[in-house]
Amino acid sequence: VAQEDCLATALSLISDISTIANPTSLLVDDWDGIPCGCFIYNNALIDFDFNCENRGKHLAANLVCAEQQVAPTTQPTASSNGNSDYELLSGEAYKKCPNGLEVPQEDCLAVADLLTQDINTISNRNYLHVYDWTFTPCGCFIWDDSLIDYDFNCGNAVFQPSAKLVCKKPTSRKRELSTNNDYIKLSGSLYDKCPSGAEVAQEDCLAA
């Protein structure tokens with residue numbers, strides 16, 4: 001959100017503006033170690049930090065961002081029995097989707113919406129929260145049956161019971177890789193093993 005729009009936009013997102021110390025004032029400065037851009041600090045101040053070079057994550061800050069309308073690169077598909085090419089995996093068992101089964105950021109919103117049609121607690125199906133959290137899985141996931149999120153940093157991903165990961169099914173990945181006879185050759189200079197879900201069993205190896 002641009003600086004000139006920050007104050008009005010932030011106020012429109014606050015349900016109780018009585019918590020804001022001065023709802024007519026936007027504090028603009030260059031702070032160290034807090035997010036940059038437009039944000040609400042400690043539910044009391046509306047701030048704008050114009051320098052992103054020294055930004056940092058801060059628990060007391062809520063960023064004010066433009067709503068993200070994301071169109072998928074490929075339309076999520078559902079088969080006649082209601083199953084799709086995607087599935088939800090428990091954040092208690094997974095902190096990222098298995099290799100090769102990740103849903104890219106640009107597809108996250110549409111796929112998550114497809115998989116959560118029976119969950120009526122999603123707060124906004126048109127908004128994808130994108131951030132680098134330290135207490136969530138990475139990639140595309142549903143948080144607490146309420147939010148559709150995407151964490152782009154897998155370096156600090158953790159197991160989290162409140163999250164459901166949005167992943168491709170292994171059968172979907174096999175279809176993506178398939179050529180003649182549903183098999184493909186991948187260069188050993190680029191791969192040290194078949195992608196997860198696309199391995200050929202020992203008993204099928206010779207025939208494949």
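**Figure 1. Lysine 96 sits in the loop between strand 5 (86-90) and helix 2 (105-115).** Helices (H or I, at least four residues) and strands (E, at least two) are DSSP runs, numbered from the N terminus. The model is predicted: local features need pLDDT of at least 70, side-chain atom pairs count only at pLDDT 80 or more, and totals for chains, interfaces and linings use all residues. Residues are numbered from 1 along each chain as its sequence is written, and side-chain values use heavy atoms, with hydrogens and water left out. Lysine 96 has a relative accessible area of 29%, so it counts as partly exposed (buried means under 20% relative accessible area, exposed over 50%, partly exposed in between; 1.4 Å probe, protein chains only). Setting aside neighbours within four places in sequence, its contacts (heavy atoms within 4.5 Å) are Glu102, Cys138, Cys154 and Leu165. The C-alpha atom of lysine 96 lies 8.8 Å from that of cysteine 167, a residue 71 positions away along the chain.

**Figure 2. The side chain of lysine 96 meets those of asparagine 99 and glutamate 102.** With asparagine 99, lysine 96 makes a side-chain polar contact of 3.1 Å. A polar contact is a pair of N or O atoms within 3.5 Å; within protein, one must be able to donate a hydrogen and the other to accept it, and residues adjacent in sequence count only if both atoms are side-chain atoms. With glutamate 102, lysine 96 forms a salt bridge, 3.6 Å from N to O (a side-chain nitrogen of Lys or Arg within 4 Å of a carboxyl oxygen of Asp or Glu). Glutamate 102 is partly exposed, at 35% relative accessible area.

**Figure 3. Arginine 125 and aspartate 113 form a salt bridge.** Their closest N and O atoms are 2.9 Å apart. The pair links distant parts of the chain: arginine 125 is in the loop between helix 2 and strand 6 (129-131), aspartate 113 is in helix 2, and twelve residues separate their positions. Arginine 125 is partly exposed at 25%. Aspartate 113 is also partly exposed, with a relative accessible area of 25%.

**Figure 4. Aspartate 145 forms a salt bridge with lysine 164.** The closest N and O atoms are 2.7 Å apart. Aspartate 145 lies in the loop between strand 7 and strand 8 (147-151), and lysine 164 in strand 9 (residues 163-168), so the bridge ties together parts 19 residues apart in sequence. Aspartate 145 is partly exposed at 25% relative accessibility. Lysine 164 is partly exposed at 30%. The structure holds three salt bridges.

**Figure 5. Four aromatic pairs are found in the whole structure.** Rings of Phe, Tyr and Trp (its six-membered ring) pair if their centres lie within 6.5 Å; planes under 30 degrees apart count as stacked, over 60 as edge-to-face and the rest as tilted. Tryptophan 133 and phenylalanine 141 have ring centres 6.0 Å apart and planes at 75°, so they pair edge-to-face. Both tryptophan 133 and phenylalanine 141 are buried. Phenylalanine 135 and tryptophan 143 are another edge-to-face pair, with centres 5.8 Å apart and planes at 75°. Phenylalanine 135 is partly exposed at 39% relative accessibility. Tyr131, Trp133 and Phe141 form one aromatic cluster.

**Figure 6. Helix 2 has buried residues covered by strands, among other parts.** Asp107, Cys108, Leu109, Val111, Ala112 and Leu115 are the buried residues of helix 2. Their cover includes strand 5, strand 7, strand 8 and strand 9.

**Figure 7. Strand 3 (residues 45-49) is largely enclosed by the rest of the structure, because four of its five residues are buried.** Strand 1 (residues 27-29) runs parallel to strand 3 and is joined to it by three bridges; two strands pair if DSSP finds at least two bridges between them. Strand 2 (residues 37-41) runs antiparallel to strand 3, with five bridges. Aspartate 47 of strand 3 is the bridge partner of leucine 27 and of phenylalanine 39. Three residues lie between the strands of the hairpin of strand 2 and strand 3, where asparagine 42 takes a positive phi near 55°.

Figure 8. The mean pLDDT (the predictor's confidence in each residue, from 0 to 100) is 81 for the chain, and 74% of residues reach 70 or more. Where pLDDT is low, the predicted coordinates should not be read in detail.
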